[in-house]
Every structure is written in C-alpha cells, then in structure tokens.
Amino acid sequence: TGLAGSALLFEQNEILVTHGKILEDQKQWFERQTISGDNQSIEATRSALFTHAMKIQELIINHPQLYKYLYEKKDITEQTSAEDKIKLLMIAEMLCDMLDHAANSALSGETKEGWSVYACDMLDNSPVFREFYMENRDWYPSIGLRLN
C-alpha cells in the first residue's frame, strides 16, 4: 500500500504541476490581452480626438474670419455677424465636448497633460470659448478649468 500510495501522490503532484503551468499560461495570456485592449482603447481615443479636432479646424479653414475669435483674444462685438456668432458658439461647444472627451479618456501622462494645456490656452485666448464654458461648465465638470 505504501508503494501504491507513493505512486498516487506522485501522480497527483504531476497533475498539480501541470495544472499550475496551465493556470500561469492563462494568466499571462489574459495580461497580454488586457494590455492589448488598453492600447487599442488609447489609440481609439486618440483617433477620435484627432478626428474631432480636424472637424473644428476644417470649420475654421472654411470660415477664416472666425480664427481671431478663437486664438487671438478677439471679442464678439456688434459688428460680428449673427451667422458668425452662431458658428462661434457651436465651435466653442465642440471644443468643450472634445476637451471633456479628453479629460474622461484613458489617455495619461504627457498626452493628457497636453489636452489640459490646450484647454487652458483656449480659456486664455478665446473670449467666446471662455464665455461658453463659464455659462455651461456644469455640463463639463471633467474639464476642470478655473478662471484666474
């Protein structure tokens, strides 16, 4: 019986070792899949943000008179056409949507910091953006911009 018991223990030990190896292999596979999924999510976010930014730039290219209101500290005045006012407010909303997306994304490090710097620059250089954001900041709590 001692010999049979030893053989049984040896066989159980082999099963446990094999089972442990399978579990370790599965763990490594899941870790690789998680990293791959995270990388795909980050790239999808970057792509979506880039596409969003390109749409805003396309609007500005098609309406270059709007540029100064967004990047050169020009205020909307009585001389600003009603059509341009609407376009500027829509662009400000698109910018806030894009910045909210960036703030809530899986981006990290320098990339996420870059979006934060861009948001602060827009706040400093675009009265229309600043006004839209301040009037609607409850819509975008993740952006977290503060007026100095």
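At what angle do helix H4 and helix H5 pack, and how far apart are their axes? The angle is about 105°, and the axes are 5 Å apart. H4 covers residues 109–125 and H5 covers residues 127–136. The two are therefore roughly perpendicular (65 to 115 degrees). Here an axis is a line fitted to C-alpha atoms over the stretch in contact, and angles run from 0 to 180 degrees between N-to-C directions. Helices are DSSP runs (H or I, at least four residues), numbered from the N terminus.

This is a predicted model: local features need pLDDT of at least 70, side-chain atom pairs need 80 or more, and totals for chains, interfaces and linings use all residues. Residues are numbered from 1 along each chain, and side-chain values use heavy atoms, without hydrogens and water.

**Salt bridges**

The structure holds two salt bridges (a side-chain nitrogen of Lys or Arg within 4 Å of a carboxyl oxygen of Asp or Glu).

| Pair | N to O distance | Helix |
|---|---|---|
| Glu43 and Arg46 | 2.9 Å | H1 (residues 2–62) |
| Glu83 and Lys87 | 2.7 Å | H3 |

Glu43 and Arg46 are three residues apart, about one helical turn. Glu83 and Lys87 are four residues apart, also about one turn. Glu83 is exposed (over 50% relative accessible area), at 52%.

Asp84 sits in helix H3 (residues 82–103). Asp84 is buried (under 20%) yet has no salt bridge.

Note on methods:
Angles under 35 degrees count as roughly parallel, over 145 as roughly antiparallel, 65 to 115 as roughly perpendicular and the rest as oblique. Buried means under 20% relative accessible area, exposed over 50%, partly exposed in between (1.4 Å probe, protein chains only). Lys and Arg count as positive and Asp and Glu as negative; His and the chain ends are not counted.
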